[in-house]
Amino acid sequence: MALLGNQTVIHLSEQTIVLFSCALSFLGSTLIILTYIIFKDLRTTPRKLLVYLSVSDWLSAVSYAFGVWRVFHTDSLDCVVQGAISTFANTSSFFWTVAIAVYLYVFIVRSSQRVADSLVLPFHFISWGVPLSITVAALSLSKIGYDASEVSVGWCWVKIRAPDRVLWMLLTGKIWEFLAYLTLPVLYILIKRHIHIAGIGNTSQGTANCIMFVFFTQPIRTRLCKVFCCCCKCGAEAQHSQDDRHRLPPGQEPSTQREEDSTSRVLTDK
């Protein structure tokens with residue numbers, strides 16, 4: 001990025017990288033949501049929480065991609081709408097990420113599924129309610145709008161001319177991001193110590209979640225292979241059957257060949 005007057009110029013290469021990251025996050029989040037919908041027997045509570053996180057990541061990816069593609073220059077209506085959606089979704093994503101870690105900690109380390117399941121409702125109030133309240137407050141006070149791309153790559157966030165912009169930048173994302181980065185390592189280290197296994201950035205979080213909870217999950221991976229490879233498998237079997245028929249003498253069917261083999265074995269035994 002380069003400064004041009006009071007505006008930061010966004011280079012095409014930067015736009016391309018961010019758009020690519022958003023596309024991966026969009027696809028990853030969509031795949032997580034679809035696998036939850038398709039495979040009913042895999043609808044566990046942790047995966048349900050992951051779906052809520054993926055909804056937030058999906059909204060973040062779409063809103064960021066629109067902002068990067070659009071590259072706002074004024075406090076237009078679409079700028080404010082995009083900034084509000086990305087603020088809500090990004091903040092909600094941090095809350096749901098911590099919520100999943102807390103759930104896994106209680107479920108695995110404390111060995112209490114009942115207590116872990118009882119936290120789901122408070123998770124909803126906190127992970128949707130707090131971001132929504134912050135976003136509504138920021139909109140009501142006209143804090144969201146054009147930020148001259150000084151703290152973003154084209155999208156809108158906290159207005160750059162707001163005198164208390166640092167405070168609102170903290171409230172609409174950065175403070176929750178900082179707290180998540182402090183909390184998550186502690187919880188996952190405790191979980192790792194307990195079961196001796198591992199575990200997770202802004203526009204690419206949907207991609208990371210997809211890799212961990214779809215491609216690294218054996219049941220999901222197996223079922224996806226069955227769905228996407230069914231046509232290839234059927235084609236291979238048909239080709240194999242056709243090759244067998246070509247290896248037979250002209251005019252002889254596979255059933256005839258099996259009968260002859262059986263007869264030959266009987267005569268040999270005699």
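**Exercise 1. Determine the handedness with which H1 passes H2, and describe the geometry and make-up of their contact.**

Solution. The structure is a predicted model, in which local features need pLDDT of at least 70 and side-chain atom pairs count only at pLDDT 80 or more, while totals for chains, interfaces and linings use all residues. Residues are numbered from 1 along each chain as its sequence is written, and side-chain values use heavy atoms, with hydrogens and water left out.

The next step is the angle: the axes of H1 (residues 12-38) and H2 (residues 45-70) come within 8 Å and cross at roughly 150°. Axes here are lines fitted to C-alpha atoms, for helices over the stretch in contact, with angles from 0 to 180 degrees between N-to-C directions; helices (H or I, at least four residues) and strands (E, at least two) are DSSP runs numbered from the N terminus. H1 and H2 are therefore roughly antiparallel, given that angles over 145 degrees count as roughly antiparallel, under 35 as roughly parallel, 65 to 115 as roughly perpendicular and the rest as oblique.

The residues of the contact of H1 with H2 divide into 17 nonpolar, five polar and three charged, where Ala, Val, Leu, Ile, Met, Phe, Trp, Tyr, Cys and Pro count as nonpolar, Asp, Glu, Lys and Arg as charged, and the others, Gly among them, as polar.

**Exercise 2. Work out how H3 and H5 are arranged relative to each other.**

Solution. The axes of H3 and H5 come within 9 Å and cross at roughly 155°, and the two helices are therefore roughly antiparallel to each other. H3 passes H5 in a right-handed crossing. Within H5 (residues 120-140) lies Phe-123, which is buried at a relative accessible area of 10%; buried means under 20%, exposed over 50%, and partly exposed in between (1.4 Å probe, protein chains only). Phe-123 and Tyr-103 are 20 residues apart in sequence, and their C-alpha atoms are 9.4 Å apart in space.

**Exercise 3. Locate the disulfide and state which parts of the chain it ties together.**

Solution. A search of the whole structure finds one disulfide, defined as a pair of cysteine sulfur atoms within 2.5 Å. The disulfide joins Cys-79 to Cys-156, with an S to S distance of 1.8 Å, and the link is left-handed, with -115° about the S-S bond. Because Cys-79 lies in H3 and Cys-156 in the loop between E3 (144-145) and E4 (157-158), the pair ties together parts that are 77 residues apart in sequence. Cys-79 is buried, at 0% relative accessibility, and Cys-156 is buried, at 1%.

**Exercise 4. Identify the side chain with which the side chain of Ser-93 makes a polar contact.**

Solution. Ser-93 is found in H3 (residues 77-109) and is buried, with a relative accessible area of 2%. The Ser-93 side chain makes a polar contact with the side chain of Asp-57 at 2.6 Å; such a contact is a pair of N or O atoms within 3.5 Å, where within protein one must be able to donate a hydrogen and the other to accept it, and residues adjacent in sequence count only if both atoms are side-chain atoms.

Technical notes:
A crossing is left-handed if the near helix is turned anticlockwise from the far one by less than a right angle, and right-handed if clockwise.
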